[in-house]
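Subject: Structure for you to look through

Hello,

Here is the structure I said I would pass on. Please open it next to this message and follow along; my notes come after it.

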Amino acid sequence: MPSGSLYGHKCAVPDCNKVIDSKLLMCLRHWRQVPADLKVAVWRGYRAGMGPEYDVAVAAAVDAVLERNHA
Ligand SMILES: [Zn+2]
């Protein structure tokens, strides 16, 4: 598989190497662990053009997943 593929990127969770569709933030396994309110915040930021609000929401979502996995 070529690196730097145009068709996907890695899951936003640092420990996860799963390659996913570029429209998605995380692989399904991790996305399922994101609290509903943070999912809403991520989608809102994504639709708003992936600005600072999106970055904050993504960081919070990744933190939530890491907390669940390392608690
Ligand atoms: Zn993942």
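**The core**

The largest nonpolar core is made up of 12 residues: C11, A12, V13, L25, M26, V34, V42, A57, V58, A61, V62 and V65. Its largest share, five residues, comes from α3. Please keep in mind that this is a predicted model.

**The chain as a whole**

The secondary structure amounts to three helices and two strands. Along the sequence these elements follow the pattern β-β-α-α-α. The radius of gyration is 12 Å, close to the 11 Å that the globule rule gives for 71 residues, so the chain is as compact as a globular protein of that length. Along the principal axes, the C-alpha atoms fill a box of roughly 35 × 30 × 15 Å. Of the 71 residues, 18% count as buried. If you take the contacts between residues at least 6 apart in sequence, 26% of them join residues at least 24 apart.

**Helix α3**

Helix α3 covers residues 52–70, which is 19 residues. From its first C-alpha to its last it reaches 27 Å, close to the 27 Å expected at 1.5 Å a residue.

Which residues of α3 are buried? They are A57, V58, A61, V62 and V65. These residues lie on the same side of α3, because they cover an arc of only 135 degrees around the axis. What do they pack against? The buried residues of α3 pack against α1 (28–31) and α2 (36–47). The face turned away from the buried side carries the exposed residues P52, D55, A59, D63, E67 and H70.

Not counting residues up to four places away in sequence, V65 touches V13, H30, Q33 and V34. V65 and L38 are 27 residues apart in sequence, and their C-alpha atoms are 11 Å apart in space.

The 12 residues of α2 should span 16 Å at 1.5 Å a residue, and the end C-alpha atoms are 17 Å apart, which agrees. Y46 is found in this helix, α2. Is Y46 buried, exposed or partly exposed? Y46 is partly exposed, because it has 16 other C-beta atoms within 10 Å; a residue needs 20 or more to be buried and 12 or fewer to be exposed. Y46 and A36 are 10 residues apart in sequence, with 15 Å between their C-alpha atoms.

After α2 comes G49, whose phi is positive, near 100 degrees. M50 lies in the loop between α2 and α3. What is the phi of M50? It is near 55 degrees, a positive value in a residue other than glycine. Most residues other than glycine have a negative phi. M50 counts as partly exposed, because it has 13 C-beta neighbours inside 10 Å.

**The strands and their loops**

D15 lies in the loop between β1 (9–10) and β2 (19–20). It counts as exposed because it has 10 C-beta neighbours inside 10 Å. D15 and L66 are 51 residues apart in sequence, while their C-alpha atoms are 8.9 Å apart in space.

C11, one of the core residues, is in contact with C16, K18, I20, M26, C27 and H30, leaving aside its neighbours within four places in sequence.

K23 is found in the loop between β2 and α1. With 8 C-beta neighbours inside 10 Å, K23 counts as exposed. K23 and V34 are 11 residues apart along the chain, and their C-alpha atoms are separated by 17 Å.

**Where to begin**

After that, go to the loop between α2 and α3 and find M50, with its positive phi near 55 degrees.

Regards

Notes: Residues are numbered from 1 along each chain as its sequence is written. This is a predicted model: local features need pLDDT of at least 70, side-chain atom pairs count only at pLDDT 80 or more; totals for chains, interfaces and linings use all residues. Helices (H or I, at least four residues) and strands (E, at least two) are DSSP runs, numbered from the N terminus. The expected span of a helix is 1.5 Å times one less than its number of residues. The arc is that of the directions from the helix axis to the C-beta atoms. Two residues are in contact if their C-beta atoms, placed from the backbone, lie within 7 Å. The radius of gyration is taken over C-alpha atoms; the globule rule is 2.2 Å times the number of residues to the power 0.38. A nonpolar core is a set of buried Ala, Val, Leu, Ile, Met, Phe, Trp, Tyr and Cys residues joined through C-beta atoms within 7 Å.
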